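Could you check each point against the coordinates as you go?

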Amino acid sequence: MAGAGTLPGRAAAEAKRQGWRVVAFAFEDAPGLAEVADELLPSTITDIQAVLAGLAARRVEAAVFVGKFWKSSAFSHYDRADDAGRGLARDGLSDAALAQMVVATLAGMSIEVLDQREFLAPWLLPAGTLGARAPAAAEWDEIREGFRLAGRLAADGVGQTVVRARGVTVALEAAEGTDEAIRRGGRLAGPGAVVVRAVAPSHDYRFDIPTVGAATLEAMREGGAIALAVPAGRVLLLDRDEVVRLADQAGIAVVSVDDAG
């Protein structure tokens, strides 16, 4: 089940390496996916019945949800959803409600939803500092408080990102996503903001792996943010070389922290 970005292609390649036959239901543009999938089926969130029929016809045994599925699309297409789609959304569009309905629906078809980390583990970011600069003491103060706040935000299913500056929380992520929250925080704080991304202990990796990449650094650079912190081993890093290049160019400290909550 492929959303936007390069992750679906990477996950498909790893699944093939592990011996799976890969049928890709492509809901968004996923560069590289068509080249590695055994079969690619263009799909839409307004025709979920076709997706379910495709799964049944191909006797699918397991499903992996990979890539970016835009919450804004779920809202904007809600009134055009077919009966199967409305059934999945009958308890609301929160991540938890949708995940519960998807798992139940696929379980009824004897399809298991797999943890994405089985196919994307090489890109999980270990503890350490990326690039030339480590956070300064004042930035570490913002990072520690940011992890505390972002952890609560993530545990409540609201978002995963907090933007802090000069002892003040200037932006909290909600449905708009990480990059837009960073931009909003940058506009409010001006240069010098610190971005912290947390992952709830109960995070469901079957449906989402928090990710940072070049787009994250670009959003930070636009607003003059100076540090990014994430929990070690729980966040994917995309485009490592480009992230390091952008961080060093803009003087941004990027750090992955053990025991960050």
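1. Asp-141 is partly exposed, with a relative accessible area of 47% (buried means under 20% relative accessible area, exposed over 50% and partly exposed in between, with a 1.4 Å probe and protein chains only). Its partner Arg-144, at 51% relative accessibility, counts as exposed, and the side chains of Arg-144 and Asp-141 meet in a salt bridge with an N to O distance of 2.8 Å. A salt bridge here is a side-chain nitrogen of Lys or Arg within 4 Å of a carboxyl oxygen of Asp or Glu. Both residues lie in helix H8 (residues 137-155), 3 residues apart, or about one turn of the helix.

2. On provenance, this is a predicted model, in which local features need pLDDT of at least 70 and side-chain atom pairs count only at pLDDT 80 or more, while totals for chains, interfaces and linings use all residues. Residues are numbered from 1 along each chain as its sequence is written, and side-chain values use heavy atoms, with hydrogens and water left out.

3. Asp-83 and Arg-86 also form a salt bridge between their side chains, at 2.5 Å from N to O. Because the two residues are 3 apart in helix H5 (residues 83-88), Asp-83 and Arg-86 are separated by about one helical turn. Asp-83 is exposed, with a relative accessible area of 63%, whereas Arg-86, at 37% relative accessibility, is partly exposed.

4. The salt bridge of Arg-183 with Glu-222, whose closest N and O atoms are 3.1 Å apart, links distant parts of the chain: Arg-183 lies in helix H9 (residues 178-189) and Glu-222 in helix H10 (residues 214-223), 39 residues apart. Arg-183 counts as partly exposed at 22% relative accessibility, and Glu-222 is exposed at 55%.

5. A search of the whole structure finds 16 salt bridges, and Arg-21, Glu-39 and Arg-58 are linked in a network of such bridges. For the charges overall, the protein has 27 positive and 35 negative side chains, and the centres of the two sets lie 2 Å apart. Lys and Arg count as positive and Asp and Glu as negative, with His and the chain ends not counted; the place of a charge is taken as NZ of Lys, CZ of Arg, CG of Asp or CD of Glu.

6. In helix H1 (residues 7-17), the buried residues include Leu-7, Pro-8, Gly-9, Ala-11, Ala-12, Glu-14 and Ala-15. Their cover includes helix H2 (33-36), helix H7 (117-120), strand S9 (211-212) and strand S11 (236-237). Just after H1, Gly-19 takes a positive phi of about 100 degrees. The protein has 11 helices and 12 strands, these being DSSP runs numbered from the N terminus (helices H or I, at least four residues; strands E, at least two).

7. As for overall form, a compact globule of 261 residues would have a radius of gyration near 18 Å, and the 19 Å of the protein agrees with this; the radius is taken over C-alpha atoms, and the globule rule is 2.2 Å times the number of residues to the power 0.38. The C-alpha trace spans about 60 × 35 × 30 Å along its principal axes. Buried residues make up 48% of the 261 residues. Among contacts (heavy atoms within 4.5 Å) between residues at least 6 apart in sequence, 71% join residues at least 24 apart.
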